[in-house]
Amino acid sequence: ELARICKYHLLIEVPKNKLPLFLRVLSINWNYEYCLVLHTNNGMRNGKVGFNQFSLMLWFSAIREQYADEKRKINRNRNHFSVSLENTKKLFEHPSPKMVKHYAPIIKMFSNEGDIVLDPFLGSGTTAVAAKQLNRNFIGIEISEKYCQIAEDRLKQDILL
């Protein structure tokens with residue numbers, strides 16, 4: 001469905017131990033472009049070989065002849081994707097909360113004002129909040145009613161975390 005919906009870019013944060021799987025599966029309908037590293041300078045993410053301070057986001061571009069003439073340029077970023085994590089688990093009651101300040105620069109880099117940002121794993125709504133703050137439209141998909149409510153509440157309150 002992502003190949004049908006997304007016109008230009010697909011960015012997806014992937015678990016490091018599932019990187020080969022995501023690359024193989026997503027490369028069927030997308031051109032792999034690059035891997036972005038989200039550095040959490042005070043993060044303590046528990047990985048397969050111990051704790052680490054980063055997560056990976058894969059960037060793919062659409063394989064579509066109908067958009068060949070419209071290849072979307074990215075808004076190049078000279079900044080390092082690095083941020084100090086704040087504990088938002090209690091605030092949003094989500095097992096893997098993300099931070100707006102981590103995702104806003106990426107949304108800004110790969111979209112323009114008025115574009116649509118799709119998050120098929122909405123969770124606590126971080127991507128939607130960042131998109132709203134950057135004047136992007138958004139579509140969020142989440143199977144948990146509880147997390148949908150958390151995301152909706154965050155959007156109403158404009159919480160900046």
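Mentor: The protein has six helices and eight strands; helices (H or I, at least four residues) and strands (E, at least two) are DSSP runs, numbered from the N terminus. This is a predicted model, in which local features need pLDDT of at least 70 and side-chain atom pairs count only at pLDDT 80 or more, while totals for chains, interfaces and linings use all residues. Residues are numbered from 1 along each chain as its sequence is written, and side-chain values use heavy atoms, with hydrogens and water left out.

Trainee: In what order do the elements run from the N terminus on?

Mentor: The order is α-β-α-β-β-β-β-β-α-α-β-α-β-α.

Trainee: And what percentage of the residues counts as buried?

Mentor: Of the 161 residues, 37% are buried. Here buried means under 20% relative accessible area, exposed means over 50%, and partly exposed lies in between (1.4 Å probe, protein chains only).

Trainee: Which residues form the largest nonpolar core?

Mentor: That core has twelve residues: Val100, Ala104, Ile107, Val117, Leu122, Ala128, Val129, Ala130, Ala131, Leu134, Ala151 and Leu155. A nonpolar core is a set of buried Ala, Val, Leu, Ile, Met, Phe, Trp, Tyr and Cys residues joined through side-chain atoms within 4.5 Å. At least two residues of this core come from each of α4, α5 (126–133) and α6.

Trainee: Which helix gives the most to this core?

Mentor: Helix α5 does, with four residues. There is also a second, separate core of ten residues, which includes Leu10, Leu56, Leu58 and Phe60.

Trainee: Why is α4 described as largely enclosed by the rest of the structure?

Mentor: Because eight of the eleven residues of helix α4 (residues 100–110) are buried. Those residues are Val100, His102, Tyr103, Ala104, Ile106, Ile107, Met109 and Phe110. Leaving aside its neighbours within four places in sequence, Ala104 is in contact with Ala130 and Leu134; contact means heavy atoms within 4.5 Å.

Trainee: What about β7? Which of its side chains point to which face?

Mentor: Along strand β7 (residues 116–119) the side chains alternate.

Trainee: How many bridges join β7 to β8?

Mentor: Four bridges join β7 to strand β8 (residues 137–140), and the two strands run parallel. Strands count as paired if DSSP finds at least two bridges between them. Within this pair, Leu118 stands opposite Ile139 in β8.

Trainee: Where is Asn135 found?

Mentor: Asn135 is found in the loop between α5 and β8. Asn135 has a positive phi of about 60° although it is not a glycine. Most residues other than glycine have a negative phi. With a relative accessible area of 47%, Asn135 is partly exposed.

Trainee: Changing topic: how many salt bridges does the structure hold?

Mentor: It holds one, a salt bridge being a side-chain nitrogen of Lys or Arg within 4 Å of a carboxyl oxygen of Asp or Glu. Lys156 forms this bridge with Glu152, and the closest N and O atoms are 3.3 Å apart. The two residues are four apart in helix α6 (residues 145–157), so about one helical turn separates them.

Trainee: Finally, which residues form the nonpolar patch on the surface?

Mentor: Leu21, Val25 and Ile28 form that patch, with about 280 Å² of accessible area together. Patches are made of residues with over 30% relative accessible area and no salt bridge; like charges are joined within 9 Å, and nonpolar side chains (Val, Leu, Ile, Met, Phe, Trp, Tyr) within 5 Å. Accessible areas come from the Shrake-Rupley method with a 1.4 Å probe, and for residues only the protein chains shown count as cover. Leu21 lies in helix α2 (residues 19–26) and is partly exposed, with a relative accessible area of 39%.
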